[in-house]
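The following account is an explanation in running paragraphs for the reader who has the sequence and the coordinates at hand. Please consult both while reading.

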Amino acid sequence: MAIGGKTQTSSIGPGTTDTSRQLYEAAREYSPQGAHGEGKYYPPYPHFWRRALGSRLWDVDGNEYIDYWCAAGPAILGHNHPGVREAVKRTLDETGVLFCGPHPDELQLAKLLRKHIPTADMSGYGCGGSDAIVYALRAARAHTGRTKLLRFEGSYHGWYDGVLFSIAPKPGQVTEGEYAPISESSGLPPEAAQHVVVAPYNDADMLEQLVIRHKNELAAIIVEPISHTMGVVEPVSGFLERARQLCDRYGIVLVFDEIITGFRHSLGGAQKLSGVFPDISAFGKAMSNGFPISAVCGRNHVMGELTPQGRAYFSGTFNGNPLCVAAAIATVSELENGKIHERLFRLGKTTADGINKAARELNVRAHCVQFGSVWTVFFTDRPIRNYRDILKYHNADASHAFVRYMWNKGFYSKPKTVSRWYLNGAHTEDDVDRTIAAVKGFLAEHSASLR
């Protein structure tokens, strides 16, 4: 296979990345740190990619990787899936690119969302996940007449000013027992923090105390129903249920951030799996297997606040564009029979079981946590329930070393304090077996420092 003028062999694993380094040095003159956004840069320089297909990536130097980053999660079916690709090509040929006006496929997609998502009485489209979060929170504020948002430390809800707090504070920035909003960015107006209340994830009692304290000011509680920002952290029994009860009691809008969980774990999102139903939700990423579309979905009484029905401003030139809507319809169609989700849950469990078996055999402080098609390795023998547990117990240096080791073995994910690894519909049992063997190699090589 020829990629970028180089002939690909069947071998997996990197050689030189000199071309990536050279492109990075050139790109630094034209964009901040040579990358178009925080999520695309990592030191000393990022890979520059040439091609993605199925479960594989090829960089500009011709190196082939088994991909577990999946473009930060969207590639649920596998990169450049033929069914999605053909739907987009057909739409390009027969329909066009953009109307900035309604078209029939928008309605078809909205019907599909209502069919599968328990709370999708109405839907509205955006381009990225942050769009859908903005719309959801604006609708919540309009509905309640209040301004404050309660969010959970360690969760990411997009890049806009109102939620860019307490995502990954450093140990010196936090105080035991206190949860002040900590800015993740310069350039935020100081008053933005005044509208944010921060709580620890998975602490229902603390949540209730904070809600009671701010009950007359809170417009919304926003939560990842399964936290993937922190790796993979599931809600403890009763946590989401308490959030729902508190919102009902005090007239607060419950917002689910299903940007990652939606479509990746179920067509109905984590809300369908948990049986806890929000008032309004944000979906994106795996919704369209890589094409830029998101959706805000919710109950009529909250969605009706958005313009043109209500007065909470909702607009966007590229919202609901035909190509991305076609990709979303095709992706949902591929997922509807449940076979891909069933297979991904099985492969995810096989991966986690294999890694945990290796950790036990080597007697190291590491364990793999998995939900569906997403897994992470925590370098600790302690259970992780929230962000403070990560700060206290997880070995972040080991996590970065782990990702770089896996790169050198031909497995790609993003280096982070806690790295997420995504499976997609093109991964095979052989991919998983090779992955488990590579992880075992890392644990064995670093066993002395992990005991």
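The paragraphs below treat helix contacts, a pocket and some backbone features in turn.

This is a predicted model, in which local features need pLDDT of at least 70 and side-chain atom pairs count only at pLDDT 80 or more, while totals for chains, interfaces and linings use all residues. Residues are numbered from 1 along each chain as its sequence is written, and side-chain values use heavy atoms, with hydrogens and water left out.

Helix α5 (residues 204–214) and helix α6 (residues 239–250) have axes that come within 10 Å and cross at roughly 15°; the axes are lines fitted to C-alpha atoms over the stretch in contact, and angles run from 0 to 180 degrees between N-to-C directions. At that angle α5 is therefore roughly parallel to α6, since angles under 35 degrees count as roughly parallel, over 145 as roughly antiparallel, 65 to 115 as roughly perpendicular and the rest as oblique. The crossing of α5 and α6 is right-handed, that is, the near helix is turned clockwise from the far one by less than a right angle. On the α5 side, Ala-204, Asp-205, Leu-207, Glu-208, Val-211 and Ile-212 meet Phe-239, Arg-242, Ala-243, Leu-246, Arg-249 and Tyr-250 of α6, contact meaning heavy atoms within 4.5 Å. This contact of α5 with α6 has eight nonpolar, four charged and no polar residues; Ala, Val, Leu, Ile, Met, Phe, Trp, Tyr, Cys and Pro count as nonpolar, Asp, Glu, Lys and Arg as charged, and the others, Gly among them, as polar.

Helix α13 takes part in two further contacts, with α10 and with α12. The axes of α10 (residues 339–362) and α13 (residues 429–445) come within 9 Å and cross at roughly 25°, which means that α10 is roughly parallel to α13. Their crossing is right-handed. The contact involves residues of α10 including Arg-343, Leu-347, Ile-355 and Leu-362, and residues of α13 including Glu-429, Val-432, Ile-436 and Leu-443. By class, the residues of the α10 and α13 contact are 10 nonpolar, three polar and five charged.

With α12 (residues 396–408), the axis of α13 comes within 10 Å at a crossing of roughly 130°, so α12 is oblique to α13. Here too α12 passes α13 in a right-handed crossing. Ala-398, Ala-401, Phe-402, Tyr-405 and Met-406 in α12 face Thr-435, Ala-438, Val-439, Gly-441, Phe-442 and Glu-445 in α13 across the contact. The residues of that contact comprise eight nonpolar, two polar and one charged.

The second largest pocket has a volume of about 760 Å³. A pocket is an open set of points on a 1 Å grid over the protein atoms alone, where a 1.4 Å probe fits, with protein on both sides within 12 Å along at least five of seven lines; lining residues have an atom within 4 Å of a point. Grid points are joined across faces, edges and corners, and the volume is the space filled by probe spheres set on the points. Of the 30 lining residues, Glu-106, Ser-123, Gly-124, Tyr-125 and Phe-314 are the closest to the centre of this pocket. Two or more residues of the lining come from each of α3 (104–116) and β6 (122–126), and α3 gives the largest share, five residues. The lining has 14 nonpolar, 12 polar and four charged residues.

Some backbone features remain. Most residues other than glycine have a negative phi, and most peptide bonds are trans. The peptide bond from Pro-43 to Pro-44 is cis, with omega near 0°, and Pro-44 lies in the loop between α1 (18–27) and β3 (49–53). Gln-33, found in the loop between α1 and β3, has a positive phi near 55°. Another cis peptide bond joins Thr-307 and Pro-308, with omega about 5°; Pro-308 is placed in the loop between α8 (300–303) and α9 (322–335).

Conventions. Helices (H or I, at least four residues) and strands (E, at least two) are DSSP runs, numbered from the N terminus.
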